[in-house]
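Colleague: I have not worked with this structure before. Could you take me through it, please?

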Amino acid sequence: MAWLPGVRAFLRTRPSLSGPRALGSVRVLLTATGPPRGFCSHASKLPVNPENQSLLQNLSRMGVDVNMARRRQPGVLRRECTNEKGLSRFLQGKGASLRVIAGIVSRYPRAITRSVEHLEQRWKLWRNVFQTDAQIVSILDRSPESFFRSSDNGNLEKNIAFLTSLGLNGKDLHRMLSTAPRTFSNSVELNKQMVEFLEDVCAELGGSNPEQFAKTVISRNLYILIRSTRRVRANIDNLRASLHLSDSELLALLQGHGADILDLSSEYLKKNFRSLEQKMTSLGCQEEDLKRLIISYPMVLYIGPETLNTKLDCLLKGGITVSQILKKPKVLDYSTQNIMERLQELQRVGYDFHKNGINILDTSRKRFVAKMEKLASEEGTQQL
C-alpha cells in the first residue's frame, strides 16, 4: 500500500520499539492521522436526500410534468413538507383550470412551497394592480415565476407604493408585473437608486423636470429597473459619443424612443452601432444620415447585425432606395420573411415604389391585405 513506507520510516526513527509495542505505535499513528487521502473516497460523500415519493404521486395525479419539474427545481421534489393540494385548491378558486395549474407547477415547482396565507396576501396585492382574477391567472399561465419567484410580500407592497408615488399608473404597473416582475423583487432602495440616477441624468443635461423624466424613461422601458445604473450610464455615454449629440439632443432622445434601448448590454449596443455604421457607409450614407436614422428610429440598434443587413439587402433588391429607408425606417420593424412576402406580392401587381413610396410596407396585415385587393382589382380593370 502507498502508506506503508511512511510507517516503516516511523519505525526506523523509533529503534527502541519492537514486537507488540511497535505494532501498538503503528495503530496510534493510523488512528491519529486517519487513512491516507483516497484510501476511502466514498466515505466522504454526503448522502443526498431522496425524492419525496408521496409528493411525486400527488404531482402526477395533478397532471404535472414531473420530469420538467425535476429539471427546473430538483430540490423541491426532495422536500418533506409542501402545499401542492392547497395551491391547487387556491388557484381553482381563482378560476384556474387543472391544466393551467399543472403547467404552473411543471415550470415553477417552487410554487408548491407557498402557504395559503402567503398566496392570499400576494393575490390581494396583485389585485391592487389588476382588475380581475382572470388577468392574474392569465399571467401565471404564461409566466408563473412572475408571481411565485419572491416570497416577500412586504417588499412587493412597498415597491407598488413607491412606483405609484412616481406617477406610474395602473397600466404601467400591469405591464411591469407582466413583463418585468423582477422589478418587484428588488429592494425598494435599489429601485430608488435607479430613479435618482435618472433624475441626475436629466439635471446634468439641463432638463427642467427630473421627476417627469425618470417617470417617462421607466414607462417607455419597463426593464430598466432590473438593470444596473452602470449599464445605463455606459449606454447614455456611448450614444452621446457615437452620435456627437448636444445635451439638448441627448435629452430629447432619452425622453423619446431612445429610452427603449437603454437596458441593452453596452457591448451589444456598441457592436450593433459599429456594424450599422459600416453598412450605411458602404451604401453611400454620410455621418449625418446615420445620426438621423438612429435619432428617428433608435430601435435599429436593437437588431442584430446579420439580421439588419439581410433586411436592408432585401429592401434594396426589391427596388427601394436608401433614401426611402432613411425616411421610413420603421419598415425594419418587420421580420425578413414578412418583408420578402410583401415585396413579392407588390411586384406581382406592378407596384411602383418610386411613385407611391414605401408606406404600404409599414401597415398592419389587415390593411395590407385590403390594399392588395384594391390594387389587384385596379389592375384587372386596366387589363379589360
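This is a predicted model: local features need pLDDT of at least 70, side-chain atom pairs count only at pLDDT 80 or more; totals for chains, interfaces and linings use all residues.

Colleague: Fine. How many helices and strands does the protein chain have?

Modeller: The secondary structure consists of 22 helices and zero strands.

Colleague: And what share of the residues counts as buried?

Modeller: Of the 384 residues in the protein chain, 43% are classed as buried.

Colleague: What about contacts between residues at least 6 apart in sequence: what percentage join residues at least 24 apart?

Modeller: Among those contacts, the figure is 71%.

Colleague: Let us move to helix packing. How is a packed pair described?

Modeller: Two values are used for two packed helices: the angle between their axes and the distance between those axes.

Colleague: Then at what angle do α7 and α8 cross?

Modeller: Helix α7, residues 116-127, and helix α8, residues 133-142, cross at roughly 110°, and their axes come within 10 Å. Angles of 65 to 115 degrees count as roughly perpendicular, so that is the description for α7 and α8.

Colleague: Which residues meet there?

Modeller: From α7, Trp123, Trp126 and Arg127 meet Asp133, Ile136, Val137, Ile139 and Leu140 of α8. The residues of this contact comprise six nonpolar, no polar and two charged.

Colleague: Now α14 and α16. What are their angle and axis distance?

Modeller: Helix α14 (residues 229-243) packs against helix α16 (residues 266-282) at an angle of about 20°, and the axes are 9 Å apart. Since angles under 35 degrees count as roughly parallel, α14 is roughly parallel to α16.

Colleague: Is the crossing left-handed or right-handed?

Modeller: The crossing of α14 past α16 is right-handed. On the α14 side, the contact is made by Ala234, Asn235, Asn238, Ser242 and Leu243, and on the α16 side by Ser266, Leu269, Lys270 and Phe273.

Colleague: How do those residues divide into nonpolar, polar and charged?

Modeller: In the contact of α14 with α16, four are nonpolar, four are polar and one is charged.

Colleague: One last topic, Asn153. Is Asn153 buried or exposed?

Modeller: Asn153 belongs to helix α10, residues 153-165. Its relative accessibility is 7%. Buried means under 20%, so Asn153 counts as buried.

Colleague: What is Asn153 in contact with, leaving aside neighbours within four places in sequence?

Modeller: Asn153 is then in contact with His118, Gln121, Arg122 and Leu125. With Arg122 there is also a polar contact of 2.7 Å between the side chains.

Definitions and conventions
Residues are numbered from 1 along each chain as its sequence is written. Side-chain values use heavy atoms; hydrogens and water are left out. Axes are lines fitted to C-alpha atoms, for helices over the stretch in contact, and angles run from 0 to 180 degrees between N-to-C directions. Helices (H or I, at least four residues) and strands (E, at least two) are DSSP runs, numbered from the N terminus. Angles under 35 degrees count as roughly parallel, over 145 as roughly antiparallel, 65 to 115 as roughly perpendicular and the rest as oblique. A crossing is left-handed if the near helix is turned anticlockwise from the far one by less than a right angle, and right-handed if clockwise. Contact means heavy atoms within 4.5 Å. Ala, Val, Leu, Ile, Met, Phe, Trp, Tyr, Cys and Pro count as nonpolar, Asp, Glu, Lys and Arg as charged, and the others, Gly among them, as polar. Buried means under 20% relative accessible area, exposed over 50%, partly exposed in between (1.4 Å probe, protein chains only). A polar contact is a pair of N or O atoms within 3.5 Å; within protein, one must be able to donate a hydrogen and the other to accept it, and residues adjacent in sequence count only if both atoms are side-chain atoms.
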